[in-house]
Amino acid sequence: MGLVDRGRLPKPLTTLFNLGRSHSMWVYQWGLACCAIEMGAAFGSPRYDVMRLGVIPLPASPRQADLVVISGTVTDKMAPAIKRLYEQMPEPKYVISMGSCANCGGPYWDSYSVTKGVDQIIPVDVYVPGCPPRPEALLEGIVMLQQRIKNEDMGARWRGEGTKPMTVVDGESIEKGGVPVVVNN
Amino acid sequence: MTMIGDRQQLAYIAAQAADARVNVELETEGMTLNIGPQHPATHGTLRIIARLDGEQVIWAEPSAGYMHRGYEKLTEVRTYPQVTALINRIDWLGSFANEVPFILAAEKLMGVEAPPRAQHIRTILFELSRIANVSLFLGDLGVQMGAVTPVFFAFRDREYVLNLIEAATGGRFHPNFDRIGGLKDDLPAGFIDETRTVMKKLRNFCDEIEGLLFGNEIFQSRTRGIGVIPKDVALQYGLSGANLRASGVDWDLRRDQTIPMAWDKVDWKVWTHPDGDSFARCWVRLQEVRESTKIVDQLLDTIPSGPVMAKVPKIIKVPEGEAWVSTENPLGEMGYYVVSQGDQGPFRVKIRSASFNNISIVPWALKGVYVPDIITILASLYFILGDIDR
């Protein structure tokens with residue numbers, strides 16, 4: 001995709017590509033702790049059903065995945081495996097950090113064995129706060145990511161020019177002009 | 001019972017002896033198979049290193065620690081109410097059950113006892129979290145053996161139970177609802193009727209799973225006679241919970257010990273199975289969900305009135321001393337040894353979690369089995385990584 005690298009893709013074509021990319025995301029489930037169950041509820045249960053959003057949670061290997069959901073506590077022993085997995089994913093790749101543990105260490109902020117946030121190892125696109133976040137919050141994070149992909153400059157993404165991370169927040173409180181409230185359990 | 005276990009080992013030795021002649025000519029090399037640390041069959045991040053000879057496992061060892069979060073150290077720098085929020089997350093599928101033994105140990109040190117209504121509600125929530133835990137196991141079991149449908153049933157019906165827990169406590173599966181001396185709140189309006197309806201749904205779910213999965217010929221041939229753990233071996237390795245009962249040991253802490261909970265006020269049965277194979281372990285768990293729904297139904301009829309909180313000071317200081325309390329959690333015996341020196345937080349807490357002891361049998365149970373049976377045995381032993389590594 002030399003054309004994409006140099007950013008010379010015509011706008012209509014970019015829009016078309018982005019539309020396709022955003023609604024055929026293969027998600028690799030990196031389930032680590034409690035959040036993995038809520039991720040399972042979001043991806044595998046008939047009530048939440050992530051496939052209606054055009055997200056396929058069934059890649060056999062990270063090499064087929066576009067998106068990885070890091071859900072749960074990242075420990076120092078696990079960190080090298082996560083780094084290695086991320087490097088195996090093909091570009092363009094996206095990361096959702098699910099739950100307080102993956103965001104910043106969560107309740108284990110003073111533990112000797114927990115990595116204080118997966119963003120110390122790999123770049124994160126969307127933070128989903130909560131301990132654990134409800135499945136709806138994860139779905140909101142995926143929708144936010146899809147919207148970002150739709151408006152993305154593919155050239156910039158391919159060149160690896162990172163974009164700012166986003167955080168899922170409670171929509172109502174922002175409309176009221178208040179401080180963003182964590183979508184908590 | 002011993003015969004079956006010996007037979008498994010003997011069959012392996014015989015197979016090896018038969019292969020030895022061929023091996024001299026063909027020179028088969030051993031292979032090391034690494035399962036995990038991230039594998040759907042490991043319920044999280046357990047890593048198993050298995051050395052294979054062809055299709056047979058000759059040596060296997062679990063490598064734990066990928067989910068070690070340092071609970072025992074963290075409890076030393078938390079106050080008692082804060083510790084409850086932390087230990088919720090040890091066995092993340094049955095959270096409320098984790099709080100109870102710790103709170104009981106602290107109450108024992110303080111000489112406080114929760115009012116009867118609080119004891120009843122505690123037992124109800126304890127059994128609800130057991131149902132939420134084991135129903136997911138029953139669904140997940142199918143996935144690990146190649147049947148995807150049961151997991152949809154499990155997630156559908158588990159949501160009803162989670163809704164109940166959420167209605168009562170405010171949290172879907174980390175309630176943090178238990179307090180020293182009772183409970184944070186009383187039950188919400190309409191909880192009792194709603195719970196009765198849900199228990200009916202759960203009994204239907206058990207029947208569905210029994211028909212879909214346990215009656216399935218493929219499931220039976222993959223689990224019957226696989227991973228047999230005889231009675232004496234199970235006891236030697238310190239198994240507890242359904243894994244022990246499936247080996248024919250009639251042992252249930254809910255019945256066998258006297259603690260201030262309401263199990264002795266209802267009529268229920270401890271299920272055991274003489275076989276000790278993977279099928280027995282799954283079957284015992286299925287029966288336990290049914291018993292739990294019965295326990296909840298009976299407790300709902302007999303909830304006493306009164307307060308849900310005993311008189312305890314606002315700032316909790318637990319007097320000096322040591323206490324051990326364990327309960328029969330969804331995964332097995334879970335206990336806390338709390339050492340207090342009169343401060344607001346514990347001086348030291350030793351956590352005995354069921355899964356850590358349950359997977360200690362993995363090297364023994366995997367010896368001589370075929371590769372597809374590794375997954376079956378791991379699935380039927382049913383561990384949760386937070387419960388192993390803590």
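**Two chains, one interface**

Let's start with one pair: B:Asn329 faces B:Gly332, which sits in S7(B). This is a predicted model; local features need pLDDT of at least 70, side-chain atom pairs count only at pLDDT 80 or more, and totals for chains, interfaces and linings use all residues. Residues are numbered from 1 along each chain as its sequence is written, chains are lettered from A and ligands numbered from 1 in the order in which they are written, and side-chain values use heavy atoms, leaving out hydrogens and water.

Back to that pair. Strand S6 (residues 321-329) and strand S7 (residues 332-340) of chain B run antiparallel, with nine bridges between them. Two residues separate S6(B) from S7(B), and the two strands make a hairpin. A word on terms. Helices (H or I, at least four residues) and strands (E, at least two) are DSSP runs, numbered from the N terminus. Two strands pair if DSSP finds at least two bridges between them.

Now the records. Residues 145-315 of chain B are 53% helix and 2% strand, with end C-alpha atoms 51 Å apart. Residues 316-390 of chain B are 35% helix and 31% strand, and there the end C-alpha atoms lie 25 Å apart.

Chain A has an open sheet of six strands, paired in parallel, in the order S2-S1-S3-S4-S5-S6. Strand S2 (55-56) and strand S6 (166-167) of chain A are the edges, each pairing on one side only. Inside the order, strand S4 (residues 94-98) and strand S5 (residues 126-128) of chain A run parallel and share three bridges. One partner pair there is A:Met98 with A:Val128 of S5(A).

Next, how do the chains meet? Chain A puts 33 residues into the contact and chain B puts in 34 residues, where contact means heavy atoms within 4.5 Å. About 2800 Å² is buried between chain A and chain B, and carbon and sulfur atoms give 57% of that. Buried area is the accessible area (1.4 Å probe) that two parts lose on being put together, summed over both.

How many salt bridges are there between chain A and chain B? Four. The term means a side-chain nitrogen of Lys or Arg within 4 Å of a carboxyl oxygen of Asp or Glu. One salt bridge joins B:Glu166 to A:Arg134, with the closest N and O atoms 2.6 Å apart.

Which chain A elements supply at least two residues each to the side touching chain B? Strand S1 (25-31) and helix H3 (34-44) of chain A do. H3(A) gives the largest share, six residues. By type, that side of chain A has 18 nonpolar, ten polar and five charged residues. Here Ala, Val, Leu, Ile, Met, Phe, Trp, Tyr, Cys and Pro count as nonpolar, Asp, Glu, Lys and Arg as charged, and the others, Gly among them, as polar.

Over all chains, the structure holds 32 salt bridges. B:Arg122 and B:Asp178 form a salt bridge, closest N and O atoms 2.8 Å apart. B:Arg122 is in helix H5 (residues 116-144) and B:Asp178 in strand S4 (residues 178-179) of chain B, so this pair ties together parts 56 residues apart in sequence.

Most residues other than glycine have a negative phi, and most peptide bonds are trans. The bond from A:Cys131 to A:Pro132 is cis, omega near -10 degrees. A:Pro132 lies in the loop between S5 and helix H6 (135-150) of chain A. B:Asn176 has a positive phi, near 50 degrees. Its loop runs between helix H6 (149-169) and S4 of chain B.
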